[in-house]
Amino acid sequence: VQLQASGGGLVQAGGSLRLSCAASGSFFRIDGMGWYRQAPGKQRELVATITRGGNTNYADAVKGRFTVSRDNAKNTVYLQMNSLKPEDTAVYYCNAVLGGTYYWGQGTQVTVSS
């Protein structure tokens, strides 16, 4: 399973970005998908996850500002990020869970300037 993330970039505080992550390879179906992030000097942390049925979970720091969604037909997960803050600056990694195994994308940089 390969995960290809895109959509990162540089944005001013208060702005928006949309991340996408498409899964490819040979598999039957993907269970959970989601996004994690890692800021310099910090551990990787959960941002948002979504089950195949559409149930979502968000970190407290992004609730009300970020929205995770997925297109099962396209094996793609999205992260709409609004009202971005400088503390959202990090490398964002997408994640897919298949049969209990976690797969990770290569990461995409999101930088929010003040």
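Which side chain meets that of K63 in a salt bridge? The partner is D60, at 3.1 Å from N to O. The views below are drawn from a predicted model, in which local features need pLDDT of at least 70, side-chain atom pairs count only at pLDDT 80 or more, and totals for chains, interfaces and linings use all residues. Residues are numbered from 1 along each chain as its sequence is written, and side-chain values use heavy atoms, with hydrogens and water left out.

**View A. Salt bridges around D88.** The structure holds five salt bridges (a side-chain nitrogen of Lys or Arg within 4 Å of a carboxyl oxygen of Asp or Glu). One of them joins R37 to D88, with the closest N and O atoms 3.0 Å apart. R37 lies in strand 4 and D88 in the loop between strand 8 and strand 9, so this pair ties together parts that are 51 residues apart in sequence; strands are DSSP runs of E with at least two residues, numbered from the N terminus. D88 also forms a salt bridge with R65, the closest N and O atoms being 2.8 Å apart. R65 lies in the loop between strand 6 (56–58) and strand 7, so its pairing with D88 ties together parts that are 23 residues apart in sequence. R37 is buried at a relative accessible area of 7%, and D88 at 1%; buried means under 20% relative accessible area, exposed over 50%, and partly exposed in between (1.4 Å probe, protein chains only). R65 is buried as well. A network of salt bridges links R37, E45, R65 and D88. D60, the partner of K63, is exposed at 65% relative accessibility.

**View B. The disulfide of C21 and C94.** The structure has one disulfide (cysteine sulfur atoms within 2.5 Å). The sulfur atoms of C21 and C94 are 2.0 Å apart. C21 lies in strand 3 (residues 17–24) and C94 in strand 9 (residues 90–98), so the pair ties together parts that are 73 residues apart in sequence. The torsion about the S-S bond is about 45°, so the disulfide is right-handed. Both C21 and C94 are buried.

**View C. Y36 and W104.** There is one aromatic pair, counted where ring centres of Phe, Tyr and Trp (its six-membered ring) lie within 6.5 Å, with planes under 30 degrees apart stacked, over 60 edge-to-face and the rest tilted. The ring centres of Y36 and W104 are 5.0 Å apart and the planes are at 70°, so the pair is edge-to-face. Y36 belongs to strand 4 (residues 33–38) and W104 to strand 10 (residues 101–104), so parts 68 residues apart in sequence are tied together. Y36 is buried at 15% relative accessible area, whereas W104 is partly exposed at 37%.

**View D. Arginines over tyrosine rings.** R18 lies over the face of Y78, 4.2 Å from the ring centre, and R44 over the face of Y93, at 3.7 Å. A charge sits over a ring if NZ of Lys or CZ of Arg is within 6 Å of the ring centre and within 35 degrees of the ring normal.

View E. Six bridges join strand 7 to the antiparallel strand 8 (residues 76–81); pairing requires at least two DSSP bridges. R70 has V77 as its bridge partner. Four residues separate the two strands of the hairpin, and N75 in the turn has a positive phi of about 50°.
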